[in-house]
Amino acid sequence: MSHIVITGGAGFAGSHIVDEVCRAYPDDRVLILDKMTYAGDVRNVSHHVFSNRAQLMVGDVADLDVCRRAVQGARLVIHAAAESHVDNSFGNSLEFTRTNVVGTHSLMEACRQQGVQRIVHVSTDEVYGEVHSGSVDEHTVLRPTNPYSSSKAAAEMILRGYVQSYHLPIVTVRANNLFGSRQFPEKIIPRFICHMLLERPLPLHGNGQNRRHYLSAIDFAKAVVFVCEKGQEGEVYNIGTTDEFTNLQVAEMIAAHFGPLRSELFEFVPDRPFNDARYAISWERLSSMGWTPTRHLHSELPALIAWYRAHLARYVELFGVEALDRACPEFPTV
Ligand code: NAD
């Protein structure tokens, strides 16, 4: 029986990819390679692990030996493991380079040595840097602006070397901000939902006017599987949505589910050292191949709030109520 490796599969986006891969490829065994950092949680994938549909291998993608063992005999490798939170990257940037750059390099080297025939690398729209108007396509020069996005762009340069030099069959996807269940409440949407559930104010960076697009993690996972099937080796595909909001609009949208809006609900906190005003990608390439997003933040919010209400103890138990403020002490997080 062949197997599919999903790195970072116990995290937020990775676990949605695991769901979709298990559904799309019932004949493959799934191996999740995950270091189980604070962002990984076995409960994100326990439904697959306990039913023997997937296996969890606890290990570091920056360890070549671990990567070699994981990918040996794999027919497909999906690489989603990363240090993913921009705020943390300002204080701990070397860890981001270790996991996101050295980790990606180690994994690609292992894939090369083991002759893996299909690799999908998960990247981000943040590698393009700020986009003040319109949107950018896959040919746009990468201009990352913070240690997280720089490490993701650096990883892509490593991939490019492996594609050109070794013809390693890699397809890269660059996605918008994602929303959905299981996202660690350091990111804006789960953080604001948890704050509302705990009756705490919603911390907004700067003036709250930074803009982001928000794509459903389920739509994203479907796009990843779509690209596994239809993507061309060595190519890049943006995965996006038209749903664009300022941070303040996101805060208001969430708060509105809990009652009338009051100014005390919003707390303006110091901005990041650098905070991209806006990201915007064109996913025309993927839509011309037949993929399109189907879910919208607005209509998904009630179910998402219900999910966090049901699972709030998971985060409070682990870290205590105060943890939502401590997640990044140096740079108040959004
Ligand atoms: P996450 O922080 O929720 O999960 C990351 C997972 O990777 C965790 O399970 C963690 O334990 C694991 N991990 C971290 N370091 C590791 C290491 N050295 N070795 C093995 N496993 C390790 O992140 P996420 O938000 O799910 O992001 C997943 C991927 O999607 C990342 O590559 C990220 O850049 C990309 N992405 C995320 C978003 C988003 O909005 N969340 C948007 C675009 C792209």
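Trainee: Which domains does the domain assignment give for this protein?
Mentor: In this predicted model, the domain assignment gives domain 1 as 3-178 + 213-239 and domain 2 as 181-212 + 246-277 + 297-326.

Trainee: And what separates the centres of domain 1 and domain 2?
Mentor: Taken over C-alpha atoms, the centres of domain 1 and domain 2 are separated by 26 Å.

Trainee: How many residues are in contact between them?
Mentor: On the domain 1 side there are 17 residues, which are in contact with 14 residues of domain 2. Helix H1, helix H4 (86-91) and strand S9 (211-216) each supply at least two residues of the side of domain 1 that touches domain 2, and S9 gives the most, with three residues.

Trainee: How does that side divide into nonpolar, polar and charged?
Mentor: The side of domain 1 that touches domain 2 divides into four nonpolar, ten polar and three charged residues.

Trainee: Switching to the ligand, which residues come nearest?
Mentor: There are 30 residues around the ligand, and of these Gly8, Gly11, Ala13, Ala39 and Gly40 come nearest. By class, the shell has 14 nonpolar, eleven polar and five charged residues.

Trainee: Which helices and strands supply at least two residues of that shell?
Mentor: Those are helix H1 (12-24), helix H5 (93-114), strand S5 (119-124) and strand S7 (177-179), and H1 gives the most to the shell, with three residues.

Trainee: H1 again, then. At what angle do the axes of H1 and H8 cross?
Mentor: The axes of H1 and helix H8, which covers residues 217-230, cross at roughly 55 degrees and come within 8 Å. That angle is why H1 counts as oblique to H8, and the crossing in which H1 passes H8 is right-handed.

Trainee: Which residues meet there?
Mentor: From H1, the residues are Phe12, Ala13, His16, Ile17, Asp19, Glu20, Val21 and Ala24, and in H8 they meet Ala217, Ile218, Phe220, Ala221, Lys222, Val224 and Val225. By class, the contact of H1 with H8 divides into eleven nonpolar, one polar and three charged residues.

Trainee: What about H3 and H5, at what angle do their axes cross?
Mentor: The axes of helix H3 (residues 64-71) and H5 come within 8 Å and cross at roughly 45 degrees, which makes H3 oblique to H5. H3 passes H5 in a right-handed crossing.

Trainee: And which residues make the contact?
Mentor: H3 contributes Leu64, Cys67, Arg68 and Val71, while H5 contributes Ser106, Leu107, Glu109, Ala110, Cys111, Gln113 and Gln114. The residues of this contact of H3 with H5 divide into six nonpolar, three polar and two charged.

Technical notes
Residues are numbered from 1 along each chain as its sequence is written. This is a predicted model: local features need pLDDT of at least 70, side-chain atom pairs count only at pLDDT 80 or more; totals for chains, interfaces and linings use all residues. A residue is near a molecule or strand if its C-beta atom, placed from the backbone, lies within 6 Å of it. Helices (H or I, at least four residues) and strands (E, at least two) are DSSP runs, numbered from the N terminus. Ala, Val, Leu, Ile, Met, Phe, Trp, Tyr, Cys and Pro count as nonpolar, Asp, Glu, Lys and Arg as charged, and the others, Gly among them, as polar. Axes are lines fitted to C-alpha atoms, for helices over the stretch in contact, and angles run from 0 to 180 degrees between N-to-C directions. Angles under 35 degrees count as roughly parallel, over 145 as roughly antiparallel, 65 to 115 as roughly perpendicular and the rest as oblique. A crossing is left-handed if the near helix is turned anticlockwise from the far one by less than a right angle, and right-handed if clockwise. Two residues are in contact if their C-beta atoms, placed from the backbone, lie within 7 Å. Domain bounds come from an automatic or database domain assignment.
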